[in-house]
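This report covers strand pairing, core packing, charged side chains and backbone geometry. The sequence and model come first.

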Amino acid sequence: MATRISAAAASAAADAVAALLDAGAGPGTIEVRSGAQPATVATGATGTLLGTFTLNDPAFAAAVAGVAALDVAPAVSFTGVAADTAGWFRAYDSNGLAVFDGACATSGAQLNLSTTSITIGLVVTVTSGTLTQPLA
């Protein structure tokens, strides 16, 4: 049988992960990288580092039905430090500890960017992001 959790439990789980990102004295960060996402968060980051966002603090709104929305007001942006296509991201707390990672796109991903075609000097903005804990 599959394990299923309630919407309240999924929201509590998403809020707990978001709280890990907000741990430490300052805001968390997100590195945007090219290539394929590694197998686990414990696996070293791969691909080219394209830029690093400094998140708002707190980074996420309270979760609803297991989904916490990334706070993007005021705007969260970075200036490209390399040229390539954004494929994935890794989120770190302010102490530099990896918390989670996921896919980048311009829509429909865990982290949605103004563009995934990054060039040196290009300002890239987060348009939306979510941290989702499944109900089933």
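## Strand β5 and its partners

T29 stands opposite Y92 in β5. The two belong to a pairing in which strand β1 (residues 29-34) runs antiparallel to β5, with six bridges joining them. Strands are DSSP runs of E with at least two residues, helices are DSSP runs of H or I with at least four residues, and both are numbered from the N terminus. Two strands count as paired if DSSP finds at least two bridges between them. The model is predicted, so local features need pLDDT of at least 70 and side-chain atom pairs count only at pLDDT 80 or more, while totals for chains, interfaces and linings use all residues. Residues are numbered from 1 along each chain as its sequence is written, and side-chain values use heavy atoms, with hydrogens and water left out.

β5 also pairs with β6 in the antiparallel sense, over five bridges. Within that pairing, W88 has A103 of β6 as its bridge partner. Strand β8 (residues 117-118) runs antiparallel to β5 and is joined to β5 by two bridges; here T85 stands opposite S117.

G87 lies in strand β5. With a relative accessibility of 26%, G87 counts as partly exposed; the classes are buried (under 20% relative accessible area), exposed (over 50%) and partly exposed in between, using a 1.4 Å probe and protein chains only. Neighbours within four places in sequence aside, G87 is in contact (heavy atoms within 4.5 Å) with R33, S34, G35, A103 and C104. The C-alpha atoms of G87 and T116 are 7.6 Å apart, although 29 residues separate the two in sequence.

## The β5-β6 hairpin and D93

Five residues lie between the strands in the hairpin of β5 and β6, and G96 takes a positive phi near 85° there. D93 sits in this loop, between β5 (84-92) and β6 (98-105).

The side chain of D93 does reach the backbone nitrogen of N95 at 2.8 Å. A polar atom of the D93 side chain also lies 3.0 Å from the backbone nitrogen of L97. Not counting residues up to four places away in sequence, D93 touches L20, L21, A23, G28 and V99.

## Salt bridges

The structure holds two salt bridges, each defined as a side-chain nitrogen of Lys or Arg within 4 Å of a carboxyl oxygen of Asp or Glu. One joins R90 to D101, with the closest N and O atoms 2.8 Å apart. Because R90 lies in strand β5 and D101 in strand β6, the pair ties together parts that are 11 residues apart in sequence. Both R90 and D101 are buried.

The other is formed by E31 and R33, whose closest N and O atoms are 3.1 Å apart. E31 and R33 are both buried as well.

The largest nonpolar core has 28 residues, and V32, F53, F60, L111 and L113 touch the most other members. Such a core is a set of buried Ala, Val, Leu, Ile, Met, Phe, Trp, Tyr and Cys residues joined through side-chain atoms within 4.5 Å. Two or more core residues come from each of α1 (7-21), β1, β2 (49-54), β5, β6, β7 (111-113) and β9 (123-132).

L113 stands opposite V126 in β9, in an antiparallel pairing of β7 and β9 over three bridges. Beyond four places in sequence, the contacts of L113 include V32, F53, A86 and C104. β9 is also joined by three bridges to strand β3 (residues 67-69), which runs antiparallel, and A68 has L131 as its bridge partner. Strand β4 (residues 77-79) pairs with β9 in the antiparallel sense over three bridges, with F78 opposite V124.

## Backbone exceptions

P58 is in the loop between β2 and β3, and P74 in the loop between β3 and β4.

A65 is not a glycine, yet has a positive phi of about 55°. A65 lies in the loop between β2 and β3 and, at 40% relative accessibility, counts as partly exposed.

Definitions and conventions:
A polar contact is a pair of N or O atoms within 3.5 Å; within protein, one must be able to donate a hydrogen and the other to accept it, and residues adjacent in sequence count only if both atoms are side-chain atoms.
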